[in-house]
Amino acid sequence: MNYRIIDKDTYYRKGVFRHFSEDCKCSTSMTARIDITELAEYSKKSGSKFYINFLYILSKVLNSRDDYKMGYLWETEELICYDTINPTQYVFHEDTETCTPVYTLYYEDYRTFYDNALRDIDKAKQTREYGLDSANHPNWFDASYISWLSYDSLNVELPDGYLFFAPIVNWGKYREEHGRLMMPVTVRMNHAIADGYLIANVYRLLEREIGQFIMRNQ
């Protein structure tokens, strides 16, 4: 885990950061549908798992811009930016109807990430422990698949006294709309380091990266 300290006096969002870290601590979230038609087709044809393919693309997008890799050290009141953030995914156990968090390292190399994610999931299936360890995984973001529903809206409430800056991303089942497969994705971020533009940009980057992923792997 490596990071650099951001100078709050020269931070390009200085005014916004001060307001939403002092006067009005809050988060902002957005739900939108993205077109995953080609990604679903690729996953089916290649025999790969759509879920891991999307997790890889999501991780790559969030690592592509510093705004999505921010952190706050409340003990020293330092604003930081991590070199890399990694996904905390989840395995659902049908027998107990509970989840086990899965810590998967992000690698830009697709095959390395895919193989590691598959291994991590298989290992997590052997336990029923919740095992969340956020204290030792500060540069990890929450990536949770809601497989039972193609929802229209989702809101994650999080008390933000400690200025939690890691993205929280949920996505649901995709469904056909006008001949295309559309999937709901929800992105939650702290308002001190993200606004509507930066959250909306996640969706734009996801659809662009899906297209590039398909081209690279044809």
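His178 is exposed, with a relative accessible area of 84%, where exposed means over 50%, buried under 20% and partly exposed in between, computed with a 1.4 Å probe on protein chains only. His178 lies in the loop between strand S9 (175-177) and strand S10 (180-190), and its phi is near 55°, a positive value in a residue other than glycine. Helices (H or I, at least four residues) and strands (E, at least two) are DSSP runs, numbered from the N terminus. The model is a predicted one, in which local features need pLDDT of at least 70 and side-chain atom pairs count only at pLDDT 80 or more, while totals for chains, interfaces and linings use all residues. Residues are numbered from 1 along each chain as its sequence is written, and side-chain values use heavy atoms, with hydrogens and water left out.

Glu97 also has a positive phi, of about 55°, although Glu97 is not a glycine. Most residues other than glycine have a negative phi. Glu97 is found in the loop between strand S5 (86-93) and strand S6 (98-103), and Glu97 is exposed, with a relative accessible area of 63%.

Asp67, in the loop between helix H3 (50-62) and strand S3 (70-73), is by contrast buried, at a relative accessible area of 6%. The table lists two polar contacts of its side chain, a polar contact being a pair of N or O atoms within 3.5 Å; within protein, one atom must be able to donate a hydrogen and the other to accept it, and residues adjacent in sequence count only if both atoms are side-chain atoms.

| Side chain | Partner side chain | Distance |
|---|---|---|
| Asp67 | Tyr12 | 2.8 Å |
| Asp67 | Arg65 | 2.5 Å |

Leaving aside neighbours within four places in sequence, Asp67 is in contact (heavy atoms within 4.5 Å) with Tyr11, Tyr12, Arg13, Met189, Ile193 and Leu198.

Residues up to four places away in sequence not being counted, Val185 touches, among others, Met30, Ile34, Phe54, Trp171, Tyr203 and Leu206.

Ile34, which is found in strand S2 (residues 27-35), counts as buried at 1% relative accessibility. Ile34 and Met182 are 148 residues apart in sequence, yet their C-alpha atoms are 5.4 Å apart in space. With residues up to four places away again left out, the residues that Ile34 touches include Phe54, Met182, Val185, Leu206 and Ile210.

H3 packs against helix H4 (residues 110-124) at an angle of about 125°, with their axes 10 Å apart; axes are lines fitted to C-alpha atoms, for helices over the stretch in contact, and angles run from 0 to 180 degrees between N-to-C directions. That makes H3 oblique to H4, since angles under 35 degrees count as roughly parallel, over 145 as roughly antiparallel, 65 to 115 as roughly perpendicular and the rest as oblique. Among the residues making the contact are Tyr51, Leu55 and Ser59 of H3 and Phe113, Ala117 and Ile121 of H4.

The axes of H3 and helix H5 (residues 196-216) come within 9 Å and cross at roughly 120°, so that H3 is oblique to H5 as well. Residues that meet here include Phe54, Ile57 and Val61 in H3 and Val202, Leu206 and Ile210 in H5.
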